[in-house]
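Please look over the sequence and the model shown here before reading the notes on its pockets and domains.

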Amino acid sequence: MKLYSIAVSHPARAAGLMLRYKGIEHEIVDIPPGMQRVMLRLSGFRGATVPALRINGRKVQGSLNVSRAVEDLQPEPHLFPVDPEQRAAVEEAERWGEADLQPSPRNMFRWCISRDYELRRALAKTTGMPMPSLVARLMKPVGWYFARVVSGTSDESIRADLAALPEQLDHVDELIATGAIGGGQPNAADFQIAISVRVLLNFPQLRPLIESRPAGELAMRIAPNFGAALPIELPTEWVPEPVSARASG
Ligand SMILES: N[C@@H](CCC(=O)N[C@@H](CS)C(=O)NCC(=O)O)C(=O)O
């Protein structure tokens, strides 16, 4: 089995963690950031995104499809509860995680990458690319393309994503409180949601909003090692205050 990934991709890491949880042997093919469209096409995939999984010749793309494909392949340990009501809650949480939460860190990261040479250099370095300074210069138009054309970000959209973040984190905490996620055995929604929260912990300005919440603890439990803080700088005035600061006025 081959998992096509990008080192900094959170849904790709979620896929890798699910495979590891199931004990399914797999090879990880790490694609350099920005090269995924070309590499995936050359590898026979139709879609442009990671995670992309090749299982005995079958091609599966998208983290929601991956969780189901690996569950079919090897049911134990379960990623989806057997009880229909619990399963529905997990599926709903997973869908929310994929559609609502997952794009936030990606959009913010791409918007910052398109504007910030130092961040592009840091990304090139962490992902082991040769000549990071040159790559950072050459990748400027690529960064712009992903930020503007692929992700459709703008100043307004990033400001709105940041404003929505506290509510999204509240929702993660609620899902933990209701038991849909955060139980003793991780399910598909745990992997989907925790990895997005985990990647947000790598944004130095957002870490204080997250780390003391149940959401932050879950993220560190599911994915203790995922990347490292990168010099991501969001406009300070757009960054929401942590809950404790809001509560004390
Ligand atoms: N929501 C999908 C999308 C994943 C996605 O957008 N992956 C990004 C990396 S985090 C990617 O490969 N993007 C490449 C592109 O849009 O060209 C999933 O959960 O699999």
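This is a predicted model: local features need pLDDT of at least 70, side-chain atom pairs count only at pLDDT 80 or more; totals for chains, interfaces and linings use all residues.

Residues are numbered from 1 along each chain as its sequence is written, and side-chain values use heavy atoms, with hydrogens and water left out.

**Domains and their contact**

- The chain is divided into domain 1 (2-73) and domain 2 (84-242), with bounds that come from an automatic or database domain assignment.
- The C-alpha centres of domain 1 and domain 2 lie 19 Å apart, and the contact (heavy atoms within 4.5 Å) takes 19 residues from domain 1 and 28 residues from domain 2.
- Between them, domain 1 and domain 2 bury about 2,000 Å², 67% of it on carbon and sulfur atoms; buried area is the accessible area (1.4 Å probe) that two parts lose on being put together, summed over both.
- The rule finds 2 salt bridges across the interface of domain 1 and domain 2, a salt bridge being a side-chain nitrogen of Lys or Arg within 4 Å of a carboxyl oxygen of Asp or Glu.
- Arg 68 forms a salt bridge with Glu 94, with the closest N and O atoms 3.0 Å apart.

**The largest pocket**

- The largest pocket has a volume of about 930 Å³; on a 1 Å grid over the protein atoms alone, a pocket is an open set of points where a 1.4 Å probe fits, with protein on both sides within 12 Å along at least five of seven lines, and lining residues have an atom within 4 Å of a point.
- Among the 47 residues that line the largest pocket, Ile 6, Val 8, Arg 106, Phe 109 and Arg 110 are the closest to its centre.
- Because domain 1 (2-73) and domain 2 (84-242) both give residues to the lining, the largest pocket lies between them.
- Helix 5 gives the most to this lining, with 6 residues, where helices are DSSP runs (H or I, at least four residues) numbered from the N terminus.
- The lining residues of the largest pocket divide into 27 nonpolar, 15 polar and 5 charged; Ala, Val, Leu, Ile, Met, Phe, Trp, Tyr, Cys and Pro count as nonpolar, Asp, Glu, Lys and Arg as charged, and the others, Gly among them, as polar.

**The second largest pocket**

- About 240 Å³ of space lies in the second largest pocket, a volume being the space filled by probe spheres set on grid points that are joined across faces, edges and corners.
- Of the 20 residues that line the second largest pocket, Pro 81, Val 90, Gly 179, Gln 185 and Asn 187 lie nearest its centre.
- Helix 4 (residues 84-101) gives the most to the lining of the second largest pocket, with 3 residues, and this lining divides into 10 nonpolar, 9 polar and 1 charged.

Conventions. Helices (H or I, at least four residues) and strands (E, at least two) are DSSP runs, numbered from the N terminus.
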